[in-house]
Amino acid sequence: MLRKIAAGWSRLKPWMKRALAAILILMVLSRGLALARTIQRNRLADQNEGKRWAADGSAAQISCFFSEDAGLTQDSIPELEYNLLHGLEAASITGASLGLPEAVPLLEDCWSASGKIEISHNGVTVSCGAVGTGGAYFLFHPLRLLDGDYYRPEEIMKDRVMLDEETAWVLFGSSDIEGQIIEIGDVPHYVAGVYKRDQDPVSRAAGLNGRCVYVSLETLQAHGNGGFRDEGSADTPGEAEVRDQQPAADAETAEAGGSSVLESAESKESAGLLIDCYEVVMPNPVTGFAEKIVSSQLGTDPSLVTVVDNSRRFSGESLRLILAGWIRRGMQTVPMRYPFWENRARAWENIFALMFFLENMTRIFAGFLTILLVISWYRHRKWTAAAIVREIRDRNYDRQARRALEKKQKIQENIT
């Protein structure tokens, strides 16, 4: 077999050999790019809660990012959760219909706000970037723990924090500091755990280029600064105009449980820290279902909220849309600020889109070269269709004659 292949290869023209080698290289490159995209996509842990929640793809992770004008606070979360559950029930999606035990919730969510905070220990004070968290934040954003464990949303006392390794070494000279006491605004807090911060170039460019600690939203609100805050009143200039421009709740919103949560949030005299990110993982029996339910509760005004379906943002269809809108990709037309994990995901969207483009171009070039080889082979063929038909008929005749002869010989042997 190998000799036949070698003999056939030696009979090829030089340009055909080069074309076949190029086709092989292009196909290997195409598969390599696709594999690299898959590996890196799986490494983005904060984009894959949908897969962790349901490996069969029946759940989706939805992320919502708010502008300061959205006015969403932690007090609005119970209403949002209730409306989401009501929307699922309206679509006949319940724990019983999915075969879930009663103790398993139908959805999990978290919310957060970004800012800065100062942490002290034994006279040493450091200023850190901070993420104030609520709900099951670390379910969506698992960290590389070096010591300790996460603080839990059900904890009554909101006085535990997660320190990054750099901050831990500056304050304590060690990363093995679970349970140690630090001061935030002269109030004692306890170290729940220490994690290793991502320091790859994309993460640093996305905003994770310095110390970052995780605290409760209550701690960030009481002792932090920066982030979105509702410091104005109903008489703030421009606030009435922004409210007047919000779209009214549509029919789908009403069916899913009433008016937009953002509309009700703005009507309240909320104070303190405003949430800039809300994330939820929930059943998604049909593509786009979960995103539609969440969007119906938050409205569709792009100046207030951006809703992202993390579960399909890196799919081929989504990457094609990014390529189609490449010119507008870097433009910011709404007053929206994204946290570092969303900036990182958007950066990888751009990288994946370029890889997807190169992947498809290599396939196109390989297909083009294959067509050229087939055309050349056909033009220089030493056979005709009629000759092939005759050859098939002759072989079929020979096979039938051989079988008839064998049958005749068996009959003669039986007679003798």
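Which residue in β7 does Gly 148 stand opposite? That would be Gly 193, and here are some notes to go with the picture above.

1. Ground rules. What you have is a predicted model, where local features need pLDDT of at least 70, side-chain atom pairs count only at pLDDT 80 or more, and totals for chains, interfaces and linings use all residues. Residues are numbered from 1 along each chain as its sequence is written, and side-chain values use heavy atoms, with hydrogens and water left out.

2. Strands around β7. Helices (H or I, at least four residues) and strands (E, at least two) are DSSP runs, numbered from the N terminus. Two strands pair if DSSP finds at least two bridges between them. Strand β7 covers residues 187–196 and pairs with β5 in the parallel sense, over 5 bridges. Along that pairing, Arg 160 has Tyr 190 as its bridge partner, and Val 161 stands opposite Val 191. With β4, β7 runs antiparallel, joined by 4 bridges.

3. The hairpin. Strand β6 (residues 181–184) also pairs with β7, antiparallel and over 4 bridges; Ile 182 stands opposite His 189 there. The two strands make a hairpin with 2 residues between them, and Gly 185 in the turn has a positive phi of about 60°.

4. How enclosed is β5? "Buried" means under 20% relative accessible area, "exposed" over 50%, and "partly exposed" in between (1.4 Å probe, protein chains only). Of the 5 residues of β5, 4 are buried, so the strand is largely enclosed by the rest of the structure.

5. Aromatic pairs. Rings of Phe, Tyr and Trp (its six-membered ring) pair if their centres lie within 6.5 Å; planes under 30 degrees apart are stacked, over 60 edge-to-face, and the rest tilted. That rule gives 11 aromatic pairs. One of them is Phe 65 with Tyr 338, edge-to-face at 5.4 Å centre to centre and 90° between the planes. Phe 65 sits in strand β1 (residues 59–66) and Tyr 338 in the loop between α13 (316–324) and α14 (340–379), so this pair ties together parts 273 residues apart in sequence. Phe 65 is buried at 0% relative accessible area, and Tyr 338 is buried at 15%.

6. A stacked pair. Phe 138 and Tyr 150 have ring centres 4.7 Å apart and planes at 10°, so they count as stacked. Phe 138 belongs to helix α5 (residues 137–140) and Tyr 150 to the loop between β4 (144–148) and β5 (160–164), so the pair ties together parts 12 residues apart in sequence. Both residues are buried. They also belong to one aromatic cluster, along with Tyr 137, Tyr 151, Tyr 195, Tyr 214, Phe 340 and Trp 341.

7. A charge over a ring. This applies if NZ of Lys or CZ of Arg is within 6 Å of the ring centre and within 35 degrees of the ring normal. Arg 346 lies over the face of Tyr 338, 4.3 Å from the ring centre.

8. Ser 92 has a positive phi of about 60° without being a glycine. You'll find Ser 92 in the loop between α4 (77–90) and β2 (108–121), and at 58% relative accessibility Ser 92 counts as exposed. Asn 122 is also a residue other than glycine with positive phi, near 50°. Asn 122 is in the loop between β2 and β3 (124–135), and is exposed at 69% relative accessibility.
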